[in-house]
Amino acid sequence: MFGQQLLEGLGAGAGYAALALALVLTYRFTGIVNFAQGELAMLATYVAWQLVDSGMPYWAALPVTVAVAFLAGVVTERTVMRRVEDRAGELTLVATTIGLYVTVNAIAALVWTSALRAFPSPFPDGPAGVSALVAACVAGPVLGAVALVVRHTGLGLVMRAVAADPRSARLSGVRVGRVLALGWGAASAIGAVSGVLLAPILFLEPTMMTGVLVYSFAAATLGGLDSAPGAVAGGLIVGVTETLAGTYLGFVGADLKIAVPLVLIVAVLLLRPQGLFGSAPVERA
Amino acid sequence: MSGLDVRGLRAGYGAARVLHGVDLAAGENEIVVLLGPNGAGKTTLLRALSGLVGARGAATLDGVALLGRAPDEIARLGVAHVTQEGGTFGPLTVEENLRVGAYARRRPRRGVAEDLARVFTYFPGLQAHLGQPAGTLSGGEQRMLAIGRALVARPRLLLLDEPTRGLAPPLRSRLFGTIHAINRHEGTIMIIVEHNVAAALEVAHRAYLVESGRIAGLRERRRW
């Protein structure tokens, strides 16, 4: 029973971790907290569902979905965010992403209606724990690849430079617009992984990622908003605590489960404001 | 024509016009110093040349038009701008900061080792901090890192905005010595905004006095 719960928690946690990683990537490389991250992931999940529904095998639909999500992220940055990035303050940017949230949500409801749909699991007949293992198998390499790119490639270097100081990056000849678009694309692609991982557990509907977004914000805050490994660890911790608390703490149950990450956020912010893995700013006065 | 040629440059911020038609030239291997009171438009002039503020008029570097292009494109045309703030990438290490400088070149990864070695001949102090985040360096070291990063780009034209601001006097004259050496060895054309008139004139081939957004005077080296 406990092992089963633990596996389920890890499975959900892998989904939260992926969306948290997407949030962290967008935040680190563009300075924007993207409230629409979950909705972009939801849209991608519908694309995956549509592909599988029209007869494409699950494992073929997954990379296609990730590619579509990548493009959607790039297009969103180029067409919407680009117009406000340079000129607007942080509040405007946040408001823009909330506008995106509502718009994407409405588009999904318009195209696919708000009916609940069952999303296929890659192993429909396996025990529940299998989905957790699948989640880990998909999420692991994605996260590893991101870390590798960010730490050890030229692209990662310019991305970090843009994140630190876009104006200086521009003056150094970096094509900042392209880097930002790539960042949005990558974040959106990782978000798509999150949606596809969670859809078999959650059922597919336009609001499926709303709660997930809260969990993922909790995960990102827990790990430190600027730390990719922190986001992953945070996602797993939130997934497991939420599942275990829902099962073993009688007063929490299914109804109060969503409060668990919020309690975690507050606790972490009180004890360690930069998050578990986040870096306190280093700047010599 | 080779070198920098600026004619009738007008620029400003929104409705506020700061430069009202500036003519300026910097020939092959020249160091040009901009002098003048605060608010005269010296910084805006540098910003207009690097594309940070929009400008009208004409500015060409070796005959190639600079105005109307984005800052990153101008950087790739061989213009490096070290701003007053320096603009080092705080969380990146010193070495990473220098490597970013190479992105203004056609092949950002080729010959970087040689470029770094070249930067260390001018700023040997940086070598000891290679793995350290730039944000933890002292103000003087950050300034050197910013200039070093600009050098990695192998610029044709280097714009330096108050490079010695906030530095102790001995450091200031040493930095000007280094700037002079860079100009001699690399042949980089330089435009320097500087309040420290004596130190600046020592290395300048030519000095413009900027007042209220216009050129109010020009002195050539042989006449001061």
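These are my notebook entries on a predicted model of a complex with chains A and B.

**Confidence.** I looked up the predictor's scores before anything else. The complex carries an ipTM of 0.92 and a pTM of 0.84.

**Fold of chain A.** I went through the secondary structure and found eleven helices and zero strands in chain A. Along the sequence the pattern is α-α-α-α-α-α-α-α-α-α-α. Of the contacts in chain A with a separation of 6 or more, 76% join residues 24 or more positions apart.

**Dimensions of chain A.** Along the principal axes, I found that the C-alpha atoms occupy a box of roughly 55 × 45 × 35 Å.

**Core.** I found 51% of the 285 residues in chain A to be buried. The largest nonpolar core holds 161 residues, and Ala17(A), Leu21(A) and Val162(A) touch the most other members. I then followed Ala17(A): beyond its neighbours within four places in sequence, Ala17(A) contacts Ala139(A), Ala219(A), Ala231(A), Val232(A), Gly235(A) and Leu236(A).

**Interface.** I counted 26 residues of chain B in contact with 20 residues of chain A. On chain B, helix H2 (71-76) and helix H3 (94-101) each contribute at least two residues to the side touching chain A. I sorted the residues of that side into twelve nonpolar, eight polar and six charged.

Definitions and conventions: Residues numbered from 1 in each chain as written. Chains lettered and ligands numbered in written order. Predicted model: local features only at pLDDT ≥ 70, side-chain atom pairs only at ≥ 80, totals over all residues. Core = buried A, V, L, I, M, F, W, Y, C linked by C-beta atoms within 7 Å. Buried ≥ 20, exposed ≤ 12 C-beta atoms within 10 Å, placed from the backbone. Contact = placed C-beta atoms within 7 Å. Helix = DSSP H or I, 4+ residues; strand = E, 2+ residues; numbered from the N terminus. Nonpolar A, V, L, I, M, F, W, Y, C, P; charged D, E, K, R; others polar.
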